[in-house]
Amino acid sequence: MSLETEKARAALDAHVREIVAWHFDPASGSPFWLDYAKKLGWDPRKEIGGFADLSRFPAFEDEWLRGGPVQRWIPKGFAGKPVYVFETGGTTGIPKTRVAFDDFRTDYELFSRTLPEKYFPKGANWLMLGPSGPRRLRLAVEHLAQYRGGICFCVDLDPRWVIKLIKKGWMEHLEAYKGHVIDQAVTILQAGHDSACMFTTPKLLEALALRLESMGTTIRQAGIKGIFSGGTEFTPQWNRFAHEELLDGAYMTPTYGNTLMGLAASAPTGPENNYKITYYAPQPRAVIEVVDFDDSAKLVEYGQTGRVKLTTLTKEFFMPGFLERDEGEREPPHEKYAWDGVSGVRPFRGFAATTTVGVY
């Protein structure tokens, strides 16, 4: 283990102790975790000494996040502060919800440091070509633009409707809705707002590039210099296709994120590494592990495939050992990130047949 990795692990252990102390203190913790502690038979504040000890908690169940009252997740230490609530998915049954105060801002301010200013100029305006509504992404990208000194222009996009259209096989309606979303993006790009940066998903990036091509222009010629994009469709093959056929020299960085984790940045990717994409969680605020399909307490070896296990560690939200709906390969630390990463992220094979990807 390198010195940097040892330092990162020590910092993570200290952070775990701080977060556990906060969430299980009757003065600052949330009703959910304070009630949960009563059933444990042991005091996490005394017995959790570092990250490895979090394995003493049973796996976090996503059903705990479905339905209300959502107030049970609000830490007493944040009483009286304005509360946001963000939803995930919601295409089948009750969506998972997460309360938030400033985490979405903090996550994207940290991510901002990873963006090269040559392609994401400070003061530039942004186009947010992605999901709107009760999702965290809209406000998070808007904050990123504001944090970097710009203004964010957003489209109206309901991914739940997209998934319903796909499931019903209404492909003509799907194409019409996609056209409606791309119309909004083109209107913003043509309106003289000088948008130089963009968030979008792989499918929407492709649709936008093809629309602009039909108009005799390109994403770069429309003024976009830097793009950050995310979604399970972001494969090395698609990454290469985008660079060779869609971007016309605009810069693009892949990301892996969700409402529960925040945002994992990627190590540099391009022809020099065969367009391989490796994501690194924003430790110590979140940790990604790649674990054995049959034993979630066991890490797979580097280069081996397993299920993604996520732990979120902020004062707003504590989520130990949540098994994601994704799988991938475990990757060693990178010079920029002194902890494990994950590559080849794709829908978990146990759910893949029932997962509809939609706009991602």
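Two strands count as paired if DSSP finds at least two bridges between them. Strands here are DSSP runs of E with at least two residues, helices are runs of H or I with at least four, and both are numbered from the N terminus. With that in hand, strand β5 (residues 195-200) and strand β6 (residues 226-230) pair in the parallel sense over four bridges. Across that pairing, T200 stands opposite S229 in β6.

A quick word on the ground rules. This is a predicted model, where local features need pLDDT of at least 70, side-chain atom pairs count only at pLDDT 80 or more, and totals for chains, interfaces and linings use all residues. Residues are numbered from 1 along each chain as its sequence is written, and side-chain values use heavy atoms, with hydrogens and water left out.

**The sheet**

Zoom out and you'll find β5 and β6 in an open sheet of eleven strands with mixed pairing, in the order β4-β3-β5-β6-β7-β8-β9-β13-β12-β11-β10. The edges belong to β4 (152-154) and β10 (286-291); each has a single partner strand, so one side of each has no neighbour in the sheet. On average, neighbouring strands of this sheet are turned by 40° against each other, direction ignored.

Now follow β8 (262-266). Five of its five residues are buried (under 20% relative accessible area, with a 1.4 Å probe and protein chains only), so β8 is largely enclosed by the rest of the structure. A hairpin of three residues joins β7 to β8.

| Strands | Sense | Bridges | Opposite residues |
|---|---|---|---|
| β5 and β6 | parallel | four bridges | T200 and S229 |

**The helices**

Axes are lines fitted to C-alpha atoms, for helices over the stretch in contact, and angles run from 0 to 180 degrees between N-to-C directions. Contact means heavy atoms within 4.5 Å.

Helix α4 (residues 103-112) lies across β6, β7 (251-258) and β8, running at about 10° to β8. Helix α8 packs on the sheet too, touching β3 (125-129), β5, β6 and β7, and its direction makes about 135° with that of β5.

Terms used
Buried means under 20% relative accessible area, exposed over 50%, partly exposed in between (1.4 Å probe, protein chains only).
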